[in-house]
Amino acid sequence: MKDSNCIFCKIANGEIPANALYEDEDFKIILDRGPATKGHALLLPKEHYANLYEIEDETAAKVLPLAKKMAAKMTKAFGCDGFNLVQNNGECAGQTVFHFHLHMIPRYAEEKERIVCWTPGEITEEEIDVLAEKVKHCTLITS
Ligand code: AMP
Ligand code: ZN
């Protein structure tokens with residue numbers, strides 16, 4: 001399904017032109033227009049899924065193999081030294097476009113700026129146990 005109000009649906013399906021690095025029947029990979037680094041790209045499914053919660057398993061299963069292949073190609077093309085894969089879900093997580101996308105961010109050894117970072121917090125053994133138990137005992141109803 002496509003969402004007629006979604007800019008990434010329009011880009012992924014060719015209604016809005018984009019500098020595609022890759023395209024197949026399920027995905028388009030485009031350059032980000034507000035790049036974190038040189039070559040920052042976005043992997044977009046052609047079908048509309050708002051986020052990780054909604055993406056179908058069949059499509060999700062193709063995302064990482066494609067990212068792996070493209071990371072190798074982009075590493076060769078751009079001469080980068082590493083890669084961050086980032087995928088935001090929900091406004092609180094920094095998602096601004098509500099069509100599933102995987103950020104593919106080439107990293108360069110000479111960069112001084114920290115791009116994907118956090119300050120490590122603290123947690124007790126007891127708190128870790130409680131969190132792990134919560135998830136292990138949580139059941140989902142799936143169709
Ligand atoms: P997120 O914050 O994870 O939802 O990421 C959205 C990303 O989409 C940002 O990095 C934007 O720079 C990028 N973006 C938004 N509109 C466009 C566009 N028309 N073409 C390319 N990238 C875009
Ligand atoms: Zn969409």
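Me: A salt bridge is a side-chain nitrogen of Lys or Arg within 4 Å of a carboxyl oxygen of Asp or Glu. In this predicted model, how far apart are the closest N and O atoms of glutamate 23 and lysine 28?

Reply: Glutamate 23 is partly exposed at 45% relative accessibility, whereas lysine 28 is buried with a relative accessible area of 7%. The two residues form a salt bridge. The cut-off for such a pair is 4 Å, and the closest N and O atoms of glutamate 23 and lysine 28 are apart by 3.9 Å.

Me: How many salt bridges does the rule give?

Reply: One of them pairs glutamate 23 with lysine 28, and another pairs glutamate 111 with arginine 107. By the rule, the count of salt bridges comes to 6.

Me: Is arginine 107 buried or exposed?

Reply: Arginine 107 forms a salt bridge with glutamate 111, with the closest N and O atoms 2.8 Å apart. Glutamate 111 is partly exposed, at a relative accessible area of 23%. The limit for buried is under 20%, and arginine 107 has 19% relative accessibility, so it counts as buried.

Me: Which residues are joined into one network by salt bridges that share partners?

Reply: The salt bridge between glutamate 23 and lysine 28 has already come up. Shared partners join residues into one network, and its members are Glu23, Lys28 and Lys46.

Me: How many residues apart in sequence are the parts tied together by glutamate 47 and lysine 2?

Reply: Glutamate 47 and lysine 2 form a salt bridge, and their closest N and O atoms are 2.4 Å apart. Glutamate 47 lies in the loop between β3 and α2, while lysine 2 lies in the segment before α1 (7-12). Glutamate 47 is partly exposed at 28% relative accessible area, and lysine 2 is partly exposed at 44%. The pair therefore ties together parts whose separation in sequence, in residues, is 45.

Me: Which residue's backbone nitrogen does the side chain of asparagine 51 reach?

Reply: Asparagine 51 is found in the loop between β3 (41-45) and α2 (57-78). With a relative accessible area of 12%, asparagine 51 is buried. At 3.0 Å, its side chain reaches the backbone nitrogen of tyrosine 53.

Me: What pattern does the chain follow along the sequence?

Reply: The secondary structure comes to 3 helices and 5 strands. Along the principal axes, the C-alpha atoms fill a box of roughly 50 × 45 × 25 Å. Read along the sequence, the pattern is α-β-β-β-α-β-β-α.

Me: What percentage of the residues in the chain is buried?

Reply: A residue counts as buried under 20% relative accessible area. Lysine 28, at 7%, is one such residue. Of the 143 residues in the chain, the buried share is 34%.

Me: About how much accessible area do Ile123, Ile128 and Leu131 have together?

Reply: Isoleucine 123 lies in the loop between β5 (102-107) and α3. At 45% relative accessibility, isoleucine 123 counts as partly exposed. Ile123, Ile128 and Leu131 form a nonpolar patch on the surface, and their accessible area together is about 260 Å².

Terms used: Residues are numbered from 1 along each chain as its sequence is written. Chains are lettered from A and ligands numbered from 1 in the order in which they are written. This is a predicted model: local features need pLDDT of at least 70, side-chain atom pairs count only at pLDDT 80 or more; totals for chains, interfaces and linings use all residues. Side-chain values use heavy atoms; hydrogens and water are left out. Helices (H or I, at least four residues) and strands (E, at least two) are DSSP runs, numbered from the N terminus. Buried means under 20% relative accessible area, exposed over 50%, partly exposed in between (1.4 Å probe, protein chains only). A polar contact is a pair of N or O atoms within 3.5 Å; within protein, one must be able to donate a hydrogen and the other to accept it, and residues adjacent in sequence count only if both atoms are side-chain atoms. Patches are made of residues with over 30% relative accessible area and no salt bridge: like charges are joined within 9 Å, nonpolar side chains (Val, Leu, Ile, Met, Phe, Trp, Tyr) within 5 Å. Accessible areas come from the Shrake-Rupley method with a 1.4 Å probe; for residues, only the protein chains shown count as cover.
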